[in-house]
Amino acid sequence: MTTNDNIAPISSAGELLAHAYQMELDAQERYDFLADQMETHNNTGLARLFRELSRIEGLHANDIAEQMKGMDIPEIRPVDFKFPGEESPEALDMGDMHYLMTPRQALQLALRAEQNAFAFFNHILKVTTDEEVKGFAAEFAEEEEEHVELVLRELSKYPESEERQREDLDPPVSPE
Amino acid sequence: MNVQQQPAFKAGDYKSDITPIWCPGCGDFHVLLSATKALAELGTPPEKIAVISGIGCSSRIPAYTNCYGFHGVHGRSLALGAGLKVARPDLTVMVMSGDGDGFSIGGNHFLHACRRNIDMTYIVMDNRVYGMTKGQPSPTTEPDWDSALSPGGTGLSPFHPLVIALASGANFVARSFSGNIKATTQTIVEAVRHPGFSFVEILSPCVTFRPDESSWKTQTHSASVEATDDPARAARRIMTDDGFNVGILYRGKRKPYDIHVEDTFKDPAILGEEFAV
Amino acid sequence: MAVLEKVRDRETVAQTAEAAGDSIAFAIVGSGGAGALTAGAILLEAAGKAGWYGLMTRSVGPQIRGGEAAALISLANRPVDCPAEEYDFLVAIDWRNVDRFAKEMPLAENALAIGDPAAGEVPAIIVNTGATLAQTELKELAGAIPGGRENMIAAGIAAGLAGLPIEIVMAVIASKLESKGQGAIDASRRCLEVGMQQARAYGKSYQLRAPSTNGNGRWLITGNEAVGLGAVRGGVRFAAAYPITPATEVLEWLSPSLRKIGGALLQAEDELASINMAIGASFGGRASITATSGPGLSLMVEALGLAIASEVPIVVVDVMRGGPSTGIPTKSEQSDLNIAVYGCHGDAPHIVVAPLSVRDCLFSAQWAVYLAEAMQTAAIILSDQSIGQARALIDSPIDNGFIAERKTVKSVSEEGYNRYAFTDDNISPMAVPGLPGGQYTADGLTHSIRGLPSTKGEDHQKQLDKRRDKVEKFDYGEHWAAIEHNVRDKSPPEFNLLTWGSLAGPAREAMRLLSNEGISVKLIAMRLIAPLRKQELLTELGETARTLIVEQTHSGQFHQYLRAKCDLPGEIRHFHRPGPQPIGPKEICDQIRDWKSS
């Protein structure tokens, strides 16, 4: 998990909402991207799972967009978001993907993403002195915690003991 | 407060609606993401950018962007790009290919593109293997990597792209790791902005034929020093690093090649006169 | 619509006998930097100023500097399309290695061979021709003039024999020697005067009659320069270059010329790069060209397929030389026909255009650019060394009006853009980078109409159909061949003379010679090699019972190509042999005469 210790302080509620909104959009886009990949590689079960996760992130993004209405929201360039890692915390690392991955493996990645999101907001909650920022950070942290629990519940449906690693019975091919 | 002008373009504006055929987990996904982020940061309209490639997994990238693209023949992407840039100096030309395409079949063009120093950016996604043809050793593959084509390994020392680029006259030399999206984005931005021929080697793991490359995530580390404009220093640094040192290593000051086609033309009728007796 | 110049297509050649004084051929030879080629070039240009037509070819040894060199010059009061087969006189500054050229400059029966006694005995190969031998102390005469040079004495001799006025020759020399000062110019005049004086002493004269019409002045140009100029007139603004004999002059002419009008030439690291650079530039919307010879064309073939499949227009000039492999770089042959027509893997229809003369290099190149751009495909120009490196005096050519006009999209609607869409004329409008919404990826992979890689049978079939149809159904007009005949009545000629490219010149000359003997001949000289205009060809072959096919290849590539594509009517004979010896009009006449008497 990436550390949040070094991120620059978030100084206004508007800035925090801009970050939260971007995180949800990024997560939604990433899940869609992964769903596309799984469709391309005919892992339909996982494609459905990622598509569903994308839908949930989209709903969350809409909620935040509602909250943003009437607020003073700064416009932030993509490179200037104060995220701790290489990407926004809730976006799954594409480098961890595999076309044969199991739902359990995928959910574990999703769990890590949600935990990162929770840690991000929780960190802001701890360090901020702005009451309004604190209020929103607490709310978002709570929501991410719910997401963590949701993913954990899903994970429990796929116990490790029953997991069977998929295996590609065909050799690789040369498309070009 | 980081409140700035909203950029005219978002990374998504540079992505097409085509789903890549790359294996999930492939480093090239990261490169695509970083490249689109970099282009958004640069703010050049997508129609003013050309992404040129050769053949191989990474060379599929043009169609995954929303820029003008050319998926050419194996190894000749730099020549396509050079012709395009000379003919259309107003365009941002990015040549993007892989280690087999760029360093093996396209090796000669690599030398001369560096030497020519046309203002363009060359990004090589190096996964040290031919993926599209099912896993043969490339010029950057380790000597002992076992494969059907070279059982027990080739026994050959790997090609050193950065040293060659530097020795051949590239004006900007950098190495990046695909998984470091932020750093890769920034490196591409700077490579495009730097005048002349910019070369960026991006270590981009192949999950299918080189699962061992998953260790690159932890093996790569940032260059501990600032980029230099002294080629000798840069060469020493590159020669002695472990191949996983990432960052901008060299920013040259050579003047870019300046031959180009103009926007408007004079009437060619003036050209016959020399033949009149 | 293009304004078309009549390039002597469909012309009836009058049955006029060749009169003495209508043409003259001579050679100047010398080695070690003696200046034979320079002397020849000066005389050729002077002949142009005097209103004559002419052609100069060069024959050189393998040395880069100081080797043996021969300037072979034909002058006439009508256009000269091929080197002479008989030379009226020869001026030898020395005789070193003259054996090498003797076969290329056979002396006529009453020829005059002038040599310097200081250069040793006249070689047997010259003595045996039966030519009148004349001894002139070139070295000594030049030595007596401060700053004098043997080649200028030789030039004076040749000018005197041909009847070129000294003031015209001096005008050429003065402009060439301007930088060397008045002293050099005066010395040259003295040499010319001495040479001309010598010429009078031989008791022979070949005074050429002035041409009947002087037109609008002469041009002095090589085929390679004419290809370059034609290409630029056609709209080329970018060239990529890798040097190769005998095509380099195309590129050397293009480099400064393109720069003058705002274009650019980029030197490549090899031919693999040069053709791809041209494709890249053309993708950017600029008509582009590269030039090479056989070995380079071999390297370019893969990318030719790319241009054809991705429908990016390019023009590739192949100035043919002897092959295969490195072959004979300095000598002509027509043996790249197969690679030009069939070289690409897969089904890859494209254009192959062959210039018919030095002058026609201009027309053919301009037309080829027009065709490539109009059809968004590759056009190969099959020139060859015999016209590429020959310098000719021609009528000042008017622009044939063929200007590149690429079908492009000007704006893109909401529905988006399909680069490889199907259209009525089979030409998919191209988006040029910079056009918002037109973004696409050009691809050499089989693709859908949008340009995305596809392995679907339907996409493959339909794109192949489209690329075939756009080339096959295009209106090439009358330019596919030059058709000439030497009879005025409508009855079918006794013989068809079917040839292509640079052999049009010798074939036309053969037809002229045969008309003197009352043999009626129709010349069909094909300019458009691919796609073959089968129906037009069969119509032109008509009812004539006998067709002689002439080409300069060892294996008969042209003949095989025609046979593979169409059922040629009547009796067919085939005359073919490889280089380096050019095929001349007399050889062609002999073929026809033999056939007639058999």
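What pLDDT does chain C average, and what share of its residues score at least 70?

View 1. Chain C comes out at an average pLDDT of 93, pLDDT being the predictor's confidence in each residue on a scale from 0 to 100. As for the share, 96% of the residues score at least 70. Residues 1-19 of chain C are another story, with pLDDT under 50. The model still gives that stretch 49 contacts beyond four places in sequence, a contact meaning heavy atoms within 4.5 Å. For the model, the scores are ipTM 0.97 and pTM 0.95.

**View 2. Where chain B meets chain C.** Here 50 residues of chain B and 58 residues of chain C make the contact. Together they bury about 4500 Å², with carbon and sulfur atoms giving 64% of that; buried area is the accessible area (1.4 Å probe) that two parts lose on being put together, summed over both. Look for B:Tyr68, B:Phe275 and B:Val277, which supply 19% of what chain B buries against chain C, more than any other three residues. There are two salt bridges between these chains, each a side-chain nitrogen of Lys or Arg within 4 Å of a carboxyl oxygen of Asp or Glu. C:Glu269 pairs up with B:Arg116 in a salt bridge, and their closest N and O atoms sit 2.5 Å apart.

**View 3. Where chain A meets chain B.** This one brings 35 residues of chain A into contact with 35 residues of chain B. About 3100 Å² is buried, 56% of it from carbon and sulfur atoms. On the chain A side, A:Glu75, A:Glu86 and A:Glu176 lose the most area to chain B, together 23% of what that side buries. Four salt bridges link the two chains. A:Glu176 makes a salt bridge to B:Arg60, with 2.4 Å between the closest N and O atoms.

**View 4. Two cysteines, B:Cys114 and C:Cys191.** B:Cys114 is buried because its relative accessible area is 0%, and C:Cys191 counts as buried too, at 1%. The cut-offs are under 20% relative accessible area for buried, over 50% for exposed and partly exposed in between (1.4 Å probe, protein chains only). Over all chains the disulfide count is zero, going by cysteine sulfur atoms within 2.5 Å.

**Notes.** Residues are numbered from 1 along each chain as its sequence is written, and chains are lettered from A and ligands numbered from 1 in the order written. In this predicted model, local features need pLDDT of at least 70, side-chain atom pairs count only at pLDDT 80 or more, and totals for chains, interfaces and linings use all residues, while side-chain values use heavy atoms, leaving out hydrogens and water.
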